[in-house]
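Please view the sequence and the model together before reading on.

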Amino acid sequence: MSKYYKQIDILRGIAITLVLLGHSVIVYPVNLNEITWCGFLHSFVSTVHMPLFFLISGFCYSFRNAGDFYKKKVKRILIPYLVFVFANFALGLLLPAFINNGSGFKGLIDDLLKGTSYWFLYTLFIIFLIFPLIEKVIKKRIVRISVLCLMFLLSLFNFWPKYLSLDKLVMYLPFFTLGYCLKVDFGSFKQIYKKLFGNKVVSLVSAAVMLALWVCVCVLIFNTTGEVSYYITALLSIAAAFLGIGTISVLVNLAVNTKLSDVFVELGKYSLQLYLLDGYMLVISRTILVSVLKISNPFIIIFGIFIFCLVPSYLIIRFIISKVKLFRFLTGLTSR
């Protein structure tokens with residue numbers, strides 16, 4: 001049996017929290033990205049939450065039997081994706097105001113061929129389809145390192161087509177592979193980690209330094225515009241992802257036995273379901289706060305949407321979805 005690492009569930013909970021926070025910086029019916037600090041907040045959290053999710057998925061990846069492996073991925077990823085894609089399509093026809101990105105039959109085709117909606121699940125499923133083949137190629141450490149470097153190099157280019165989410169695949173496969181490499185070489189990695197962060201004071205100082213560098217890199221990204229600067233921005237985004245993941249990982253390791261960590265463990269258990277419900281809760285919350293209550297303060301809007309997308313969604317998942325077998329099946333709430 002695979003060894004359990006509490007830190008992984010904490011990281012998964014932090015990642016989904018950052019996703020919900022990033023989505024709370026809405027662009028409709030008011031575009032908060034036009035406000036500098038709101039735009040920077042969105043840019044800041046966006047540099048790390050998806051790379052962290054894919055890295056976690058790579059670390060948790062385990063392939064033993066093709067039949068069981070693909071059956072599990074279909075149940076946990078593909079079925080929820082298709083259920084929510086077709087639910088969005090149906091609601092888009094009946095109640096278009098309730099759908100965040102409803103665009104009729106064209107949207108449905110894009111979802112099936114490009115993974116436009118819930119692109120994370122679409123891309124992750126394709127990675128799981130192909131990674132057993134990649135795993136066979138990277139058995140040796142030197143090959144793993146070489147392939148990983150090549151993947152990150154390819155991710156700097158932007159000529160990849162959107163069909164089958166190839167553009168996202170090239171962007172996030174390196175982080176998935178990195179997570180896999182960290183697990184395979186966990187013994188060596190653990191020794192390096194102990195040498196670098198074995199002392200709590202050193203860990204706190206290191207986290208502070210990485211956080212400061214992460215913020216600085218994000219400021220550069222936020223202020224770098226234009227097609228000419230694409231490759232610079234792509235390189236800075238990778239650096240920001242590494243700094244963000246490093247900062248969060250060190251802090252998580254320090255706080256692994258605290259009560260706060262248990263909160264993120266609980267959120268981590270339902271990260272997929274929180275991700276699936278987020279779009280619906282986002283539409284409801286922004287409608288109430290902006291369109292009905294006429295709130296214009298950006299902090300209240302972001303905080304209100306974030307809390308509404310987190311707390312009610314968790315309660316629905318915990319006390320309704322998890323209690324009904326059909327709901328668990330439709331939302332992929334199965335044992336990992």
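How many of the 18 residues of helix 1 are buried? The number is 14, so helix 1 is largely enclosed by the rest of the structure. Here, buried means under 20% relative accessible area, exposed means over 50%, and partly exposed lies in between (1.4 Å probe, protein chains only).

## Basis and confidence

This is a predicted model, in which local features need pLDDT of at least 70, side-chain atom pairs count only at pLDDT 80 or more, and totals for chains, interfaces and linings use all residues. Residues are numbered from 1 along each chain as its sequence is written, and side-chain values use heavy atoms, with hydrogens and water left out.

The chain has a mean pLDDT (the predictor's confidence in each residue, from 0 to 100) of 92, and 95% of its residues reach 70 or more. Confidence is lowest in helix 9 (residues 186-197), with a mean of 83, and highest in helix 14 (residues 298-319), with 98. Helices (H or I, at least four residues) and strands (E, at least two) are DSSP runs, numbered from the N terminus.

## Helix 1

From its first C-alpha to its last, helix 1 reaches 26 Å over 18 residues, close to the 26 Å expected at 1.5 Å a residue. The expected span is 1.5 Å times one less than the number of residues in the helix.

Asp-9 lies in helix 1, which covers residues 6-23. With a relative accessible area of 6%, Asp-9 is buried. Its side chain is joined to that of Arg-12 by a polar contact of 2.6 Å. A polar contact is a pair of N or O atoms within 3.5 Å; within protein, one must be able to donate a hydrogen and the other to accept it, and residues adjacent in sequence count only if both atoms are side-chain atoms.

## Helix packing

Helix 1 packs with helix 11 (residues 230-254) at an angle of about 130°, with axes 10 Å apart; the two helices are therefore oblique to each other. Axes are lines fitted to C-alpha atoms, for helices over the stretch in contact, and angles run from 0 to 180 degrees between N-to-C directions. Angles under 35 degrees count as roughly parallel, over 145 as roughly antiparallel, 65 to 115 as roughly perpendicular and the rest as oblique.

Helix 4 (residues 66-94) and helix 6 (residues 119-137) have axes 9 Å apart and an angle of about 165°, and are therefore roughly antiparallel.

## Loops and backbone features

Most residues other than glycine have a negative phi, and most peptide bonds are trans. The peptide bond from Tyr-28 to Pro-29, however, is cis, with omega near 5°. Pro-29 is found in the loop between helix 1 and helix 2 (36-46). Tyr-118, in the loop between helix 5 (104-113) and helix 6, has a positive phi of about 50° although it is not a glycine. Tyr-118 is buried, at a relative accessible area of 11%.

The loop between helix 7 (141-154) and helix 8 (166-184) holds Tyr-163, which counts as exposed at 52% relative accessibility. The C-alpha atoms of Tyr-163 and Leu-113 are separated by 5.7 Å, although these residues are 50 apart along the chain. Leu-164 lies in the loop between helix 7 and helix 8. Leu-164 is exposed, with a relative accessible area of 53%, and has a positive phi of about 55° although it is not a glycine.
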